[in-house]
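Q: Hi! Could you walk me through this one? I'd like to start with the annotations.

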Amino acid sequence: MGPTTRARFVHNRRRRGRRGPYAAEDASDEEEDQQEASSSSSSSDEEEEEAGEGSGGEVDDDEEEEAAVEPSGKEGSPVTAARSGRKASITISLKKVCKVCKSTGHEAGFKGAVYIDCPRKPCFLCKMPGHTTLTCPHRVAMEHGVIPASRRNTNTSLDYVFQSQVKGKISMVKPQVLIPNQLECGNIKFHQRRVTCLEFHPTKNNVLLSGDKKGLLGIWDYVKLHEKTTYDSVHSCILNSMKFDTSNDGLLYTASSDGTICSTDLETGIGSSLLNLNPNGWTGPSTWRMIYGMDFNAEKGLLLVADSFGFLYLLDRRLKTRIGHPILIHKKGSKVTSLHCNPAQPEILLSSGNDHYAHIWDTRKLEPSSPFVSLAHGRVVNSGYFSPRSGNKILTTCQDNRIRVWDYIFGNLESPSREIVHSHDFNRHLTPFKAEWDPKDYSETVAVIGRYISENYNGIALHPIDFIDTSTGKLLAEVMDPDITTISPVNKLHPRDDILASGSSRSIFIWKPKTETDATEERNKEKAKEFVYGSGSRKKSNGKHDNSSDDDSDGNSVGKKKKAKKTRFTRTVKGKGKSKA
DNA sequence: AACTAATGAATCC
DNA sequence: TGGATTCCCTTAGT
């Protein structure tokens, strides 16, 4: 793959690449409809209410019902049944059994595009009992999940230090956030298995690297859509992490569940192994070491790596050798899920683990099992990141459906500054969700993360990618497209451009901000549609995107699935106060 | 349309 | 500590 400088939009979904000040404000009214649609959702089909929890505990009084069903035949007239008296019960027959709690009287699952929770289980969103996702207070659209500052408001001396020393360095004027909410292009089934990680090339602006569960490494130039390369021999199973060598753009380090760290020269494709934790091959699950967390300390030329048994390894980049002995940094036998070196002080390390902790370490004086600071979590911690510029904040993603933020790492870290309830449950079939900072956001507040639970958008269940203001917990935007009905657990924001890359199942998508012209066009289209509907004529198929490409096989371009009425799916929640532009 | 496989963490003994 | 069991809004395949 050659240098990529030409910016040709070959076969992109959206043409106009011109950026304009993005007006997020105009969404106001249709927003309402959306909400309307999502909340009232099942207006048409009335639930047969009752029968639910009211019927109480007992379950199996209905054997005889089943018996009764049989004679009356299939859709045998319930009327006659009711008439005949004793078989009246058949009218309520077809007993519902909840697939979650196995009791009768209610059913959990999708009803159209709306998922109905089992009322006997705690809320699937916030995990608290007493209500379901549909009525969860954290689901309220705009506030999507903040637990308002569990933080003490006392002004300690540390807070003073924070105010005087740190705040000055962080821009307090929030820059305008340009949300890449418009699907630009996609690469369907680029991978054979689900995507597990994404990384933008540090210098080549349009190059995206991706890894999957099989260990495949993909390189894709999303401007020259046809420029794709894959390496299938680098790893033999899950590619968990990728890091570029900051002193050599062409060199990529990869960490895998096969227990190896590899460096790959992206120009030549030549790779070499830096570490193999399973030199004797497979000798059973109790000995097989997997590598999830990895980061690069540029200052020291040091690669930090952690395995699934709780150990940290230090590798010298040049010598390609281990330094010292492995050090236990999480509960013995538990997986270390992520590592991150502080961008301002690379010797400060943040580790997250399956033992429900995130730890802060000073790599200059590593003592097994005695971190500098421990951050307790409710469940497995999927990831922990220092803020991208100052390194003064910490953002973690935990399987208890909470995103946690610590505002100042040298302050009181006993409890997080904020916990933000957000749906990103663990599911063994999904790549773990990780909230990621926006590297371009000087104020270090914006984070992006995919959402697990779906919302009903005009009759179709979609799983948006959420942009969250971590300083308030407010949902800044939810990004989605009616063609993408799968969950997007992997998301990465471009270090310089207003671009979002997302990995959803086996596909990869590129998103850009909706331009002024896009918005106008859409509005006009909407108007036209109203007109057509108003005049009673049927609308013919709506604007199909041009498929003008060569290279059919593994399809560039966005695939179609269910087609929904295409209204405004990429909804941007209006961000108040950032209208300057 | 209705099934299945793949397969990680919690829970229970 | 360790093995069996369970599971919850998955996805792509048959």
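A: Happy to. First a note on annotations: UniProt positions are given in the numbering used here, feature names are shortened, and annotations may be inferred rather than shown by experiment. This is a predicted model, where local features need pLDDT of at least 70, side-chain atom pairs count only at pLDDT 80 or more, and totals for chains, interfaces and linings use all residues. Residues are numbered from 1 along each chain as its sequence is written, chains are lettered from A and ligands numbered from 1 in the order in which they are written, and side-chain values use heavy atoms, with hydrogens and water left out.

Q: Which residues does UniProt list for "repeat: WD"?

A: The unreviewed UniProt entry lists residues 188-221 and 374-407.

Q: What is the helix and strand content of residues 188-221?

A: That span is 0% helix and 50% strand, with its end C-alpha atoms 14 Å apart. Residues 374-407 are 0% helix and 56% strand, and their end C-alpha atoms lie 15 Å apart. Helices (H or I, at least four residues) and strands (E, at least two) are DSSP runs, numbered from the N terminus.

Q: Switching to sheets: what is the strand order in the open sheet of four strands?

A: The order is β9-β10-β11-β12, with antiparallel pairing. The edge strands, each pairing on one side only, are β9 (239-245) and β12 (271-276). Two strands pair if DSSP finds at least two bridges between them.

Q: And how many bridges join β10 and β11?

A: Five bridges, linking residues 248-256 of β10 with residues 260-265 of β11. A255 has I261 of β11 as its bridge partner.

Q: Which part of DNA strand B does the side chain of H429 face, at 3.3 Å?

A: A base nitrogen lies 3.3 Å from an N or O atom in the H429 side chain. For K213, a polar side-chain atom is 2.6 Å from a phosphate oxygen of DNA strand B. Polar contacts here are pairs of N or O atoms within 3.5 Å; within protein, one must be able to donate a hydrogen and the other to accept it, and residues adjacent in sequence count only if both atoms are side-chain atoms.

Q: Which residues come nearest to DNA strand C?

A: Of the 19 around DNA strand C, those are Y115, S454, I487, S505 and R506. A polar side-chain atom of S454 lies 2.9 Å from a base oxygen of DNA strand C.

Terms used: Near = heavy atom within 4 Å.
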